[in-house]
Amino acid sequence: MNMSWLISLLIYPLILITNTEKVSYKGYNMYVISTENEEQGRKLLAVQNQNLKIHFLKQAVNSKLQGLTSVVVSPQSNAAFNAFLRKNNYDFQIITKDFESLLKSEQPRSKRFAVSPNSINFEEYHRHAKINSYLRSLAETYPNITNLLSIGTTTEGRELLGLNISYNDKVKPMILIDAGIHAREWIAPALALYIIQQLVENSNNAKLIKNVDWIVIPLLNPDGYEYTHTTNRLWRKTRSRGKYCFGADPNRNFNFHWGERGSSDDECSDIYRGSKPFSEPEIKAFRDLILRYAANIKLSISLHSFGQLILHPWTYTTNLPANIKELNRLGIHVAETLKNATKANYGVGPVSQVLYYAAGSNIDWIMAVAGINLTYVIELPPQHDNTMQFILPSRFIKDLVSKSFEGIKTFHEYIENVYV
Ligand SMILES: [Zn+2]
């Protein structure tokens, strides 16, 4: 079938970025489409690969292209897209006929949660300024166990902050956690903040910082994150300025097999690798931080949404890393903990096999170049049978982050058993 007529009808609001007016998704339909065979997968992927005018939230997964794909379609394009799905016998569900109304559910139900700069809550998603002021106040209030890390400045001039949580000056094995590299995955920074709060402010967790040091960077891409709050909820990339479009995918910007499979040289693509490795100041800052602490870091965890997965290298090849047994065993152990806590079944495996190629990602570089052998991505789960994906209503935040913390404790337990 000739797709061009269809493609020309579909609107992709993300690339119309010359103005800063807030993108409205009023009347946009959200579909979850199941692809059951390779041909269906290929057809849908062709739409995604050849043209950016369709807004894919999640592509069909696995090497046989089976799985679920989520798409948001403008009112003007809806009839044509619907016809395409029917003609090709896709099994699909329309999650909402007004994506904008789904976005409203992310706003806090009331403002009664407004709190001082010294504390944080998990009833709402916080802006970058609030996150930074919370980190600063922790560093002031708990100088014996925290150290504020100012690791760099973003393209738009925002300060990148992290927290080093360390009980005393003794050199100890360290766990590194980053979140928010992808702007629209709001629940990931929320979990990072919860981890910080639990480690620093909850004295019941003192044992977690006794023998292990932590560095947590709760928001690695604040320019993109702020843009998702002010202008376009579904923005994924940084906000560096290109010739035609803004932003690179910061998780394709690392210098290990940079520019290979699963990344794009089209600067308007959502998986644009950047003009060169470490072109994005946020990623350069993150690289320098990791290299500074590489000798101590035994485990790194990158928080993303959504997927319900625990992933490890490689992203550039389907070959397996040398320590695959250990990676897999620990991943499965954490998945079991998370299943007990959340009832959700987490998949475990290498990114390239479970999801797709993603060359230039952080975990490959962290393992191969920084020499940190235990490096994972946690893709946090969607809610309500896939209807809530990046868009997770604020009323679910607290439950999800507190239960997911159990998985972080399992990671800690392993590091303590093996390295202390
Ligand atoms: Zn992500």
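Author: Let us begin with Val72, whose relative accessible area is 1% in this predicted model.

Reader: Why is Val72 called buried?

Author: A residue counts as buried when its relative accessible area is under 20%, and Val72, at 1%, is under that cut-off and is therefore called buried. Val72 has its place in strand 3, which covers residues 67-73.

Reader: What is Val72 in contact with, once its neighbours within four places in sequence are left aside?

Author: Contact asks for heavy atoms within 4.5 Å, and by that criterion Val72 is in contact with Tyr25, Tyr28, Asn29, Met30, His55, Leu57, Phe99 and Leu234. Taking Leu57 from that list, we find that Val72 and Leu57 are 15 residues apart in sequence, while their C-alpha atoms are 7.3 Å apart in space.

Reader: Which protein atoms are the donors of the zinc ion?

Author: The donors are ND1 of His182, two OE entries of Glu185 and ND1 of His304, and they lie 2.1 to 2.4 Å from the zinc ion, where the cut-off for a donor is 2.8 Å. In sequence the donor residues follow the spacing H-x2-E-x118-H. His182 sits in the loop between strand 7 (174-179) and helix 6 (187-201), whereas His304 belongs to strand 9 (residues 297-305), so that the pair, 122 residues apart, links distant parts of the chain.

Reader: What makes the arrangement around the zinc ion irregular?

Author: The 4 donor atoms subtend angles of 57 to 144 degrees.

Reader: How do you know whether His182 and His304 are buried or exposed?

Author: The relative accessible area is 4% for His182 and 3% for His304, and because the cut-off for buried is under 20%, both count as buried.

Reader: Which residues have the most contacts inside the largest nonpolar core?

Author: That core has 85 residues, and those with the most contacts inside it are Ile177, Ile187, Trp214, Leu289, Ile290, Ile301 and Leu303. Its largest share, 11 residues, comes from helix 6. A second, separate core of 15 residues includes Tyr28, Met30, Ile95 and Leu234.

Reader: How confident is the predictor in the chain?

Author: The mean pLDDT is 89, and 89% of the residues reach 70 or more, but over residues 1-18 the pLDDT is below 50. Where pLDDT is low, predicted coordinates should not be read in detail.

Methods. Residues are numbered from 1 along each chain as its sequence is written. This is a predicted model: local features need pLDDT of at least 70, side-chain atom pairs count only at pLDDT 80 or more; totals for chains, interfaces and linings use all residues. Side-chain values use heavy atoms; hydrogens and water are left out. Helices (H or I, at least four residues) and strands (E, at least two) are DSSP runs, numbered from the N terminus. Buried means under 20% relative accessible area, exposed over 50%, partly exposed in between (1.4 Å probe, protein chains only). pLDDT is the predictor's confidence in each residue, from 0 to 100. Donors are N, O and S atoms within 2.8 Å of the metal (3.2 Å for Na, K and Ca); water is not among the atoms, so sites may look incomplete. Four donors count as tetrahedral if all angles lie between 85 and 135 degrees; four count as square planar and six as octahedral if opposite donors are over 155 degrees apart and all others between 65 and 115; anything else is irregular. A nonpolar core is a set of buried Ala, Val, Leu, Ile, Met, Phe, Trp, Tyr and Cys residues joined through side-chain atoms within 4.5 Å.
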